[in-house]
Each structure stands twice: as structure tokens, then as C-alpha cells.
Amino acid sequence: MAIDHQTSVLPPKLRIDGLAKRYGNFTALEPTQLEVHSGEFLTLLGPSGSGKTTLLQLVCGLVDASEGSIFIDGIEQSNVPVHRRDIGLVFQHYALFPHLTVSENIGFPLKMRGVPDSQIKTRVNTALEMVHLGSLANRFPKELSGGQQQRVALARCFVYQPSIILMDEPLGALDKKLRDQMQIEIKRLHRESGATIIYVTHDQEEALALSDRICLMNHARIEQIGTPREIYMNPCSAFAADFIGISNILRGSIQIDQNRNSWLVTSYGRFLLPAGVSKEMVSGAVVVRPEHLTFDATSPNTLRATVRDLVYAGSETRVIATLDDGQDVIVRQPPDIEVPGRGSSITLGWQAERAVVIP
Amino acid sequence: MTMKSPKLTRRGLIGAAGGLTVTTLAAPAYMRQAFAATQITVADPGGPFGPAFRKAFYDPFEKETGNKVVNVAREAEPTAQFKAMVDTKSYIWDVCTLTLSARDILAKQGLLEPIGFTIADTPDLMPEAISQHWLGTDVYSTVFAYRTDRMKEAPKTWADFFNVEKFPGRRSLRKNPIDTLEQALLADGVPLDKLYPLDVDRAFKKLNSIKQHIAVWWTGGAQTTQMLQSGEVDMISGWNARFQSAIDGGTPAKIVWNQGLYSIEGWSIPKGCPKADVARAFIKFCSDPARQALFTEGLAYGPTNLSAYKTIAEKRAVDLPTSPVNLKQMAIADENWWAANRSAVTEKFNSWILS
Amino acid sequence: MTAQAIKRVFVNPLWLAIPGILFLLVFFVYPVCSLLLLSVTDPDTGQWAVKSYTRILNTDVYLRVLGITFRIAAQTACLSLIIAYPLAYWVASLPERVRNKALLLIIIPFWTSYLVKTFAWMIMLGRMGVINSILIGAELVKEPLPLLHNEFGVLVGMVHTMVPLAVMTMLPVMTSIDRRLISAAQTLGASPSKAFWLVYFKLSLPGVTAGGLLVFISSLGFFIVPAFLGGRQQTMLAQLIITQVSELLNWSFAGALSVMMLVTTLTAVFFYDLIFGISSIAGKEGSESSHSKIRIFGLQILEFISTAANILSQLSRVILGGYVTERLLAVFAWLIIGFLIMPTLLVIPIGFTKSEFLEFPPPGYSLRWFETYFNSALWLTATSRSFIVAFLAACLATAFGAGTALALAKSSSRWAGFIFGFFLAPMIVPRIVIAVGMFYLFARIGLVASNAGLVIGHTVLSLPFTVVTIGAILKTYDMRLDQAASTLGANRVRTLIHITLPVIKGGLIAAFLFAFITSFDELTVAIFISGGLATTLPKQMWDDMILQLNPTLAAVSTVVLIVVTLLLLIAERFRKNTIS
């Protein structure tokens, strides 16, 4: 009990209270609340212009807030200049100093902190080993590949063990394979260092793969916060459902029958909704993930469609089918299941409890 | 238009280089016309000389002979251009003003055409103002001037100029050995008529005594007018007309003619000039006293034909170097001595002034 | 030769430099060499002789003047950089639209002829001048301060002329620095002043070294400023060479003095290159090795400076407060702009004076000097000729310069460094030497007193400026853009026209303006080549100044200033329209 009590009074690593940013009439960030816990990997996910980079810049102090406060370890930060906030920032385009060698780049933050030269050397070497770049210590950034440059940028950030590390789409400029490798690398660095990381991306797969929690942003505000699983399984809006994973969304009005079951009435038919739909809702939509659709015509909820396309993706087969009014639905099937050919009429079904209701 | 000349003309060349600008590049219409007539190009010293000489010489000559005179400004010392012009036979000038020193340098190198008349043809001319290759048109004098509002007592000699105790004030001398050495010797008591050959060592010794007291070493004539007029210095050596224009403009200053050294500028023709005949006629025309009297209205320089004073007002005559009252206090600078010694003495002067 | 070898030769980017090289060979190298040949020719016998050189060594005066020349040029370069750097930094940090306006303010004083500016400084710094009158009037000093006719006066005049040059050289490099690197440095724990010195300053150094070299070498050739603003001790070598050529007619000795100046200048440039690496101006990345002692040493110096600056900035925050400290830069920049435009502003009222003299304040106002100007065919012709000649010379110099800079930036040939040095040569050889040599050549081919001769002469003088300016911007040009364009189907010519040139447009405009100004304000070559009927504006001003200094000069300057400002504004508008 004592331990529980203590954790509850320990302030979160980062707390954002009513933070907002406006440029004239343009709002880059609506007043926002957010807490990030020590050692957590939080991803700010959203389309471009959704305010995630603004939030990042506010946290590290490169931009002054219009209102609200930022607390790191419970200490208010608005009067702390950028270079005194104990924050690391990994830039999208790496921002390596072109006139410094790899090891000088990595040693830079240590030097700025007055670390003795002898220590700098060992810590830089450790950081270089950590990102597997030991042999390139004396190269200049322009002599490195994109992936190598990004590793240097990571090492430069991890080397001084800042209490929070911010990453602004750090993998945006890399190719897919390299990105996958680097994701694993970042994950490992996070695990080994125990650092608190706030990671900005517009790539939902990246967000799902890396994050402890995802903070989904849209229109300069936070749409939904939760673990990847929570957001995937329980999107709070059409935006959330659509942005994370592939969703089939069917809209209609909600009716409650005499058995107190809720139904969604659409032009494609009547669908049973999962239990616990709010009584107040009169219209809404149902989200069905592609893996929850089956070719089982005996399900309580069925949908008639025509197969438009088949995509074989190795680990699965995707069936893209068209409803009567032209809307596409996507079905995911294991590769060993026989799927109907292109142009054939099919009936799709799903279990009511697999679907999610959104406004 | 004679633009369609088959050979590649200068203008054609530019036309080929930048077709758009060919019309703007071609010389203005009035100039092209001038080329068509018989025309000589006269290089005068520019500035106020241009209008003064046009009134006194160019326009009357055009009227009388029908030949055109185009005047352009020449360098203070056009010897380099002159030499190259003759060497390469590209005569951009047909007549050019030369100082005595420039005349001697160029004559010695055989770069001048004879003017074709002598003192016998113009008896009232100052004897120094004519030679085989050159006719003096105007006399300028190296004197000093002082601010009457600053000097408690009026300096009258170069000895006064060099006497810093009795005549306190900011002084300026020319950053050039020419005239400056003479002035030092005059200050040291050498009589005006016994200056040459210059005792260079004695001159530098005297200059040593005043070196620290010279506030400004001037380099250009225009500077002397400006410094006298603005009050930058109280006493300054220089050419009389420069001081006169400051005085005419209302500056409280006075010229000291006593112990002045005068020199003469005049016309010469570059050797081999194809229009030498017209040029000679023009030069002869300029020896006329009435013509010379005309330019003194706009220029405080002295006519070389002393008969000119018959038609010059007394009030103006006192401001001119060759008026009888001024001329008798002065002597002519010896260009021959300078021609022989200038290079070495200049070197010595440059060394002295830096140390 | 195999087909591949042929292809390699033709595709070699150095071909782009060929037109410029040929141009310089004919109109620069040949005239100068024939003049330098004179230095080892006995003027009387025409035999080989070294007596001009023994004469230099027999006295210490020429070596001393050489020393003075180098000292003043070095001081001018240092002061100009110190003053120009914060100004350029400030301008570079402005949003682009405001930046161009601020740049206009810095360039405009450039359009006042330096002859006129020199006289303006005499009026300001003199014993009875504007500054002393104000100081005495305010009872701050009892005796007038000695501001003129000494080294201070010379430095004011020269630095004033050179600051715009330094700003314009540094600016393209500064605007191309990625400002995110500063943010990066700050998030990594560098204080603002450390981030500036260790990152921004270091990255702007190519511009600083280029600017320093340009200013230093241009300063070596000054003769009007030391003559009018200097005192007894401020004699510079160009003055002596001019005396030898134009007064004493001793071309052989003038040639020898030129050789002396040339050799020492080249030596200085060699050491400069060794220390600062001017090959970076050529658009080459410095091939500095990561262990180079000079590099490490340089970084340590910066470290030291940044620590000192850090303390200073904290002190200033304590003493002046954060608000003032943050605005110090802008205040300083405006002060410098004031310093730059002051002589120009002084000239305008003098143009409207009713006095016969250049005096300030004018005793009364009239339009008489403008009437004099507009009624004089001589002045008007000279004005229009100067504009046309400057425009054509700037076009030629920018074209040759762009070709050469591109060639150098793309080439990895070991000849590149040599070619770059070759194009800098017209800047290093005293103008008087070039001018006299050209006069000889042009007289033989009938180009004396012609517009073509002037255009050629001014193109030679402007070429170094355009090569350096365009080279500096190309250094930051991403060559991958060319590759991108060629993969998108553009051939070399189209790539050049549609990609490279638009991207380096800023550098091209700067180069064009440099060349235009160089030609428009050029006197030395004009004195020799323009004479006669083809007189340029500076030549006409100079002629007028020699004999009679009157406010026509100020009136002319005012008219030129207005015309040029309008032209610049139109050019700016035009540029903006083409973008949108």
C-alpha cells in the first residue's frame, strides 16, 4: 500500500496543462492536457497540420506557448531556456552539424554540459557502439548514408541521457526496410536506456509498433489517447478508426428493440450492435475491422457485396468488395483460406461484439 | 548614315554583341554630325576652362574658319596617354593643353608637332610662352593664401609661412616636392632669382623645421579651395585661381603674390596628327590678345599675351598672375631643373614625408 | 582517342570556363604581361635590364609604402568584417521580403560615387566639419577632434566603401545556413551564444573568408581615399604607381613597382589560403581531414570565443536587461546602416545648395546645380554612357562568371584551383597596371575612347567579383538537383536554364549588381580608356573635381541615386512578379 501511495504522489515526467499556441488568427494547438509517465514511449500521431510538431516544439522550448504551462518532474518550464531544459530532440532531417565529425557531433551535448574530455571520449564511444557506428567516428556527416546519419542523431541524443527525448518524424526520410530496422533499434534504445520518449509520426504502423501509448491528434487538438490496442479496438471516432488500421465503417440510425438490443439501420440492412450502446444515441456508425469479417452467411449481421479485387500479401489475402452503393469493404483472410474469385457475389458477416460503435 | 561600312567597325562590333542596345550605344546625334564636318578635338583642362575657352577661343574660331572644335577634358598630366596615342597613331586629340614639364618630357621624346610660328609673329607674347612645339595660353601661379579672419597678423613672405611662433595657425602644403622645395628655400632666405639649381639638402633641412606643424598635406587642387573655404586650415600653398574662386565665393581670405612662382599651360599637337594644319591655325588664333582677355572673365589665370591687359578691367587685373603689379613680385619655375631631377627628388621627398 | 575518352573530354564541366579564360587571356594577361615586360626593359636602350628593381632596393621608401599599403588594407579588411558581420547576420535573419528592402538600404550608398563620398567625409570629419561642429556645439569637446588627414580618416573612408562589399559577399552564405542547426544545438544544451559561435559562425566562415579576401585585395588598390582623407604617413602604393605612369612617364619603374605589389599580394593570398582555405570560395568543400591541426585549433578558438561571448551576454543581460540585450543586434545594424547612408544623405541637400561650394549645411537652397547638370550635354551623355556600359559589362561578367563558377563547382579536376586563382587575378593586379596595359592594346585595335573598350575593361575588372559571388552560392547548391533534373528528362542545357540558374538566382543577381557597381563607379580604367568623346560619369566627375569642385557633383549624385533606386525597385518588383 505504501508503494502505491508513493507512486500516486510522484509527479508525472511531463505534464502539460492547458497548453495552446496561436499565430495571429491561426490556432496551431488548442488548449491541451497531457501527461507522460517516466520511461513511457508516447507517440503523437496525426496527419500533417494536426499540431503534433507544434506540441513538440512547445515542450522543448523552441516555441513560446500562448497560454498554459509545461511541467517536467513537476517543475514549471516556461522560464527555462531551451538549452537548460533537460530534453533531447531528434530532428526529421537529423540536423547534424556538417562541420563536426561523427564523434564531435555526439560529443557536442556533453561538451556543452562541461563533461571532462576523458569522460566525453568513453561516453561517445559507448554511444557509437550502441548504434553500431564505431568505425565511422571520424567521418563527417556528409560522408554517411541517411540511415547512418539518423543513427548518429540518435546517439547524439541518447549520449547525454536527457530525461525526455523528443523525436520529430525521425524515420521520415528513410526507406521502408531501413525504417523497420531503425524501429527495432529505437525500441531497443528505449528499453536499454529507460528514457521517456515522445515520438512524432504520421505513420500509424510505426506508431502501433513502437508506442506504449498513442496520442492521436487532429485539427490542433488531441483526438484520443490510449495504448495501441485500446485505440485499435476501441476508436472513439471515425477519424480514429480510419487513421489507425483499416476500418469498414457503416453509418445509419440507431434503434432499440423490445429486447433492449440496439440496432443500426442502414441502407444495406439492419445490424445488431454490441451491448452497452448509450441510450441517447440516435444515429452513429459501426466499425468492423477487416479481420473480423467472414464469408459466413449465418452471422446475425450480414452484408451483400461483389468482389472487386484480391490482394495477396503473403501472410494474408485481402478481399476488396463493393457494396450496392459503391462503398468498398475490406476483408482480411488467412492465406490458406480459399477466397471467391473476382466478380463473384458474396455475403459477409460479423459477430456483433466484434464491432465498435462510434458517433 | 554610314553604319553599313563593310569593315567591322567598333559600333558594328557592339551591335553584334548586343543587338538590343545598339541604338542606345551609338553616339548622340549631335556628335555624329560633328564627325562629318572638318573638326578638331581639343583637350583642355576641363572644369571652368571648358566654358571660358569656348567663349574666348572655340566659338570665335568656328565662326571665323568654319571648322568645328570639340573640347574634352584631359588628365592633369596627360603624358602617358599622349605617348601611347602617338606610338599607336590613334589620335583621340588634335590639340592638347600641356604644362611646361609635360611639354619638355614629350618634346624630348619627339612626340610633338611644331606649331609653325615664332615670337617674331607675336611680339607682345611673354618670351617664356612660346616654343617650337607649344604656345602658352594661360599663366598660373603657385602662391599662398591665408584666412583673414583667423590670422592676427598678415603673413607676407614664405619666411612668415614657415614661422610658426610668430604666425600661429594650421598650415597646409602640397604633398609633392615641386613648389614645396622652392617654398622652403625662399623661407630660408634664398633670393627669388637665385633659386635654381635648387639646394635640395638645404630645402629638406628647412622643411624639417615645419614638418610637425603641417596639419594637412594636400594632393589635389580642388582640395585647396575646399580647405580654405571650409576653414580646415588657416594658411595654405597652392594655385592662385583655386584661392580666387574661394574668395569670389565670399571666403575671408587673401592671396600673397610676393615670392610666387608662376608657370604656363598651353597648346601642343601630337606628332603625326593628320589634322595638324587646322590645329596649327587654331593655336595661332589663340595667341590673339583680345581672345585671351576674354577668358580671364571666367578664369583667374593670366593671359600670356600681355597686350590683353589693354582690354581687361583694372579690378580683375589685380587678381591675375600676369598683371604688371603681380608679375614683378614673382619668378618662373624652372621646368628644366625639374625635368632633370624630378624622379630622384620625388623619391627623396616620399621617403622624407613618411619618416 | 577512344569514343569514351572523347566523351570524357567534352563532358568535362571545365569547358564552361573556357569563354571566360579566353577573354581574360586576351584582355588581361596579354596587356599586363606586355607591361610587365617593360619593367625589365631599359627605357632608353630597349635592352634587358634590372635597374628598376635595383632602384627599389636602393631605398627603403617603396618597401615602406608597401608595408603601409598592406597595413591599411588589413585594418580595413578586419574592421569591415567586424562591422559587416552583425549587419549581414541581421539581414539574413529577416523574412525574405523585408530582407530585400534592408539590402537596398545597404546597397544604395554604393551608388554614390566614391569620389563624392570621399568629399562628403571631408565635409563631415573636417576641423570645422559636421561632427566637430556638433561636438563643440554640445560642449562635449573643447578643441576639434583630429578626425581627418590621418589614419582614422583613411579607415573611415575605406571601411565605409568596403562594408557593403563585405555584406554582399557574406549574405548568400549566411542565408543558406540551415537555421534548424541552431535549434538543434540549443536542444543539445548549447546556450544561444554558444550555439551561434560553435555552429552558425563556423558555418558562415566561408563567407567571412571570401569577404575578408575581397575587401583586403580591393583595399590594396586605393588611391583617392588616402590622398584626400589621409595624412603625411598614409601613402599607398597605387598612388606611387600612378605618379610613375602618368606624371614621370617611367613605365619601366611603374612596371617594377607593379611586380613588387603583385608578388607580395600573391604571397599574402597564398598564406591566407593556407590558413583560412579560400579554395572554399570556389564552391569546393574544404578537403579538411578530421584530424587536421588547423581545424582542431580553429574549433578550440571558437570554443574560447563562445565561452567569452557567453559570459558577455550574461553580463549584458544583467546590466542592460533581457529586453535591451535582445534588441542590441537590431540597434547595431541600424547604426551601421546610418553610417553607410550618412554621406549619401549629406550629398542630397548639398545638391540643392545655392552656394558655390560643397558646404554643409547649405547657406540657402536653389536648383541651379541641377540646371547646370540638365543643361550640359557632356554630363547627360556621360551619365547615359555609364549606365549602358555598366549594364553590358555586368551582363558579360555575370555570364562569364556563372560559367566559370559552375565549371569549378562541378569539376574535380586539379586544375580547378589554378583556374580559380586565375580568375581572381584581375582583382590582385593593381588596376592602374591593367588600365595602362589595356590602353596599349586597345590603341592598336582602335578600341580607345570607345564603349566597347570600356565594356571589355570593366568586364575584366568585374569578373573576379562575379566568379567569387556565384561560387559562394554554388557551394551550397545541391548537385543532386541536377541529377534529379536529368532523370526527369532534362538535357544539360535545360537543366542549367530551368533548375540550376533559378536556384542560384540570388547569387546571379548579387553578382550582376556587384559587376554593375564595379563598372559604374570605375575610374582607373576609365581615365585611360574613356578619354575623348566617350567619357563615363566617374571620369567626368573626376575631370570636374581636378579643376573646380562645385555642387554639380552633388546634384549629379542625387540624380544618379534617384534613377538607380528606381531601377532597383523596378528590378525587385519584376523579380517578385516572375516568382508569383
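Here are some questions and answers about this predicted model, its chains and their contacts.

This is a predicted model, in which local features need pLDDT of at least 70 and side-chain atom pairs count only at pLDDT 80 or more, while totals for chains, interfaces and linings use all residues. Residues are numbered from 1 along each chain as its sequence is written, chains are lettered from A and ligands numbered from 1 in the order in which they are written, and side-chain values use heavy atoms, with hydrogens and water left out.

Q: Which chains have the most contacts among the two pairs that touch?
A: Contact here means heavy atoms within 4.5 Å. Chain A and chain B have no contact, and their closest C-alpha atoms lie 43 Å apart. Among the two pairs of chains that touch, the most contacts are between chains B and C.

Q: How much area do chain B and chain C bury between them?
A: The contact draws on 69 residues from chain B and 61 residues from chain C. Buried area is the accessible area (1.4 Å probe) that two parts lose on being put together, summed over both. Carbon and sulfur atoms account for 61% of it, and the total is about 5,700 Å².

Q: How many residues on the side of chain B that touches chain C are charged?
A: Let's start with the polar contacts, each a pair of N or O atoms within 3.5 Å; within protein, one must be able to donate a hydrogen and the other to accept it, and residues adjacent in sequence count only if both atoms are side-chain atoms. Between chain B and chain C there are 13 residue pairs in polar contact, both residues at pLDDT 80 or more. For the classes, Ala, Val, Leu, Ile, Met, Phe, Trp, Tyr, Cys and Pro count as nonpolar, Asp, Glu, Lys and Arg as charged, and the others, Gly among them, as polar. On the side of chain B that touches chain C, 28 residues are nonpolar, 26 are polar and the charged ones number 15.

Q: Which residue of chain B meets Arg55(C) in a salt bridge?
A: A salt bridge is a side-chain nitrogen of Lys or Arg within 4 Å of a carboxyl oxygen of Asp or Glu, and two are found across the interface of chain B and chain C. Side chains of opposite charge can pair when their charged atoms come close. For Arg55(C), the N to O distance is 2.7 Å and the partner is Glu347(B).

Q: What is the relative accessibility of Arg180(C)?
A: Arg180(C) forms a salt bridge with Asp178(C), the closest N and O atoms being 3.1 Å apart. Asp178(C) is partly exposed, with a relative accessible area of 29%. Arg180(C) is partly exposed too, at 41%.

Q: How many salt bridges does the structure hold over all chains?
A: In chain A, a network of salt bridges links Arg151(A), Glu185(A), Arg188(A) and Glu192(A). Over all chains, the number of salt bridges is 37.

Q: How far apart are the C-alpha centres of the two domains of chain A?
A: The bounds come from an automatic or database domain assignment, which divides chain A into domain 1 (2-238) and domain 2 (246-358). Between their C-alpha centres the distance is 38 Å.

Q: Which three residues supply 72% of the area that domain 1 of chain A buries against domain 2 of chain A?
A: Between them, domain 1 and domain 2 of chain A bury about 630 Å², with 57% of it from carbon and sulfur atoms. More than any other three residues of domain 1, the suppliers of that 72% are Tyr232(A), Pro235(A) and Ala238(A).

Q: What share of the 359 residues in chain A is buried?
A: The C-alpha atoms of chain A fill a box of roughly 75 × 50 × 45 Å along the principal axes. Of the 359 residues in chain A, the buried share is 52%.

Key. Buried < 20%, exposed > 50% of the residue type's maximum accessible area, 1.4 Å probe, protein only.
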